[in-house]
Amino acid sequence: MIEIHDVHKSFGQLEVLKGIELTVDKGEVVTIIGGSGSGKSTLLTCINGLEPIASGRIVVDGTEVHAKSTDLNRLRRKIGIVFQQWNAFPHLTVLENVTLAPRKVLGMGKAEAEEIARTQLAHVGLGDKLATYPARLSGGQQQRMAIARALAMSPDYMLFDEVTSALDPQLVGEVLETLKMLAEEGMTMICVTHEMAFARDVSDRVAYFHKGVMAEIGVPDQIFGDPQHPETRKFLASVR
Ligand code: ADP
Ligand code: MG
């Protein structure tokens with residue numbers, strides 16, 4: 001599980017995480033919603049150790065992420081992260097892009113890496129695009145390739161940061177369907193999203209971030225149906 005205890009983080013003078021407390025259990029899907037600049041992305045990058053924290057603790061399966069002794073490369077293997085956009089290697093096919101990390105990071109042989117990549121690409125509905133180059137994929141297909149690439153490392157956790165925000169509206173659904181499938185398969189996920197219907201549909205819990213504070217967290221029916229914090233109400237009214 002992922003345990004976040006009283007995490008504070010600043011960029012210079014600007015405090016962007018102000019005492020975040022959150023525990024995500026195995027198999028749980030937590031979505032984070034909130035306005036731009038509220039610290040959502042920063043929290044995700046702290047969870048997999050891409051960013052240092054000022055104080056507090058983040059513990060993943062008992063490993064203290066920001067302890068000096070922690071092997072971050074090893075930790076990151078179990079935490080897949082997918083961003084708004086991933087620049088695939090343009091000169092490599094879809095299959096080659098997805099085999100790259102298992103081969104380079106895990107030292108897997110070509111045949112085994114390709115087997116896993118094929119499986120994960122089929123899983124996200126790209127089984128017929130193995131030999132295609134990334135530029136020939138739609139935005140939605142590119143995001144599904146990015147998800148397959150993360151899954152090829154056999155992560156225990158997946159972090160998704162607005163993976164549909166850069167997509168044309170008609171391509172959003174296919175990517176959300178892929179996330180929903182992973183959620184239903186029991187993947188432990190933290191999803192930052194602007195897609196409220198998706199958040200309501202797939203989340204076990206929804207957290208609302210406001211100015212570096214987790215103002216409210218609860219089950220979707222409560223957050224969307226009976227928000228307690230005035231800022232949550234304001235935010236939801238603004239996105240509806
Ligand atoms: P969100 O994902 O909720 O939109 P972010 O976590 O990206 O918010 O950003 C939170 C705040 O931290 C914003 O004010 C942003 O400008 C600032 N910030 C984010 N990353 C950096 C950085 N690398 N250097 C300086 N400020 C940053
Ligand atoms: Mg963000």
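Tutor: Let's begin in the loop between H5 and strand E7 (157–161), where Asp-156 lies. Keep in mind that this is a predicted model.

Student: Why is Asp-156 called partly exposed?

Tutor: Asp-156 has 15 C-beta neighbours inside 10 Å. A residue needs 20 or more to be buried and 12 or fewer to be exposed, and the label in between is partly exposed. Therefore Asp-156 counts as partly exposed.

Student: Which residues does Asp-156 touch?

Tutor: Leaving aside residues up to four places away in sequence, Asp-156 touches Lys-78 and Thr-188. As for Lys-110, its C-alpha is 23 Å from that of Asp-156, and the two are 46 residues apart in sequence.

Student: What makes Thr-188 buried?

Tutor: Thr-188, which sits in strand E8 (residues 188–192), has 21 C-beta neighbours inside 10 Å. The cut-off for buried is 20 or more, so Thr-188 counts as buried.

Student: Which residues does Thr-188 touch?

Tutor: Not counting residues up to four places away in sequence, the partners of Thr-188 include Val-24, Lys-26, Gly-27 and Glu-28, along with Asp-156. Val-24 is 164 residues from Thr-188 along the chain, yet their C-alpha atoms are separated by 7.9 Å.

Student: What do the buried residues of H3 pack against?

Tutor: They pack against H4 and also helix H5 (139–151). The buried residues of H3 are Val-94, Leu-95, Asn-97, Val-98, Thr-99 and Pro-102.

Student: How do H3 and H5 cross?

Tutor: Their axes come within 8 Å and cross at roughly 35°, and the crossing is right-handed. In this contact, Val-94, Asn-97, Val-98 and Ala-101 of H3 meet Met-145, Ala-148 and Arg-149 of H5. These divide into 5 nonpolar, 1 polar and 1 charged.

Student: How do you know that H1 is largely enclosed by the rest of the structure?

Tutor: Count its buried residues: 6 of the 8 residues of H1 are buried, so H1 is largely enclosed. Those buried residues are Lys-40, Thr-42, Leu-43, Leu-44, Cys-46 and Ile-47. Just after H1 comes Gly-49, with a positive phi of about 75°.

Student: What does H1 contribute to the shell around ligand 1?

Tutor: H1 gives the largest share, 3 residues. Strand E2 (14–24) and helix H1 (40–47) each supply at least two residues of this shell. Among the residues surrounding ligand 1 are Phe-11, Leu-14, Val-16, Lys-40, Ser-41 and Thr-42.

Student: Which classes do the shell residues fall into?

Tutor: The shell around ligand 1 has 3 nonpolar, 7 polar and 1 charged. Glycine counts as polar here, and the shell includes Gly-34, Gly-37 and Gly-39.

Methods: Residues numbered from 1 in each chain as written. Chains lettered and ligands numbered in written order. Predicted model: local features only at pLDDT ≥ 70, side-chain atom pairs only at ≥ 80, totals over all residues. Near = placed C-beta within 6 Å. Helix = DSSP H or I, 4+ residues; strand = E, 2+ residues; numbered from the N terminus. Contact = placed C-beta atoms within 7 Å. Axes fitted to C-alpha atoms, helices over the stretch in contact; angles between N-to-C directions. Left-handed = near helix turned anticlockwise from the far one by under 90°.
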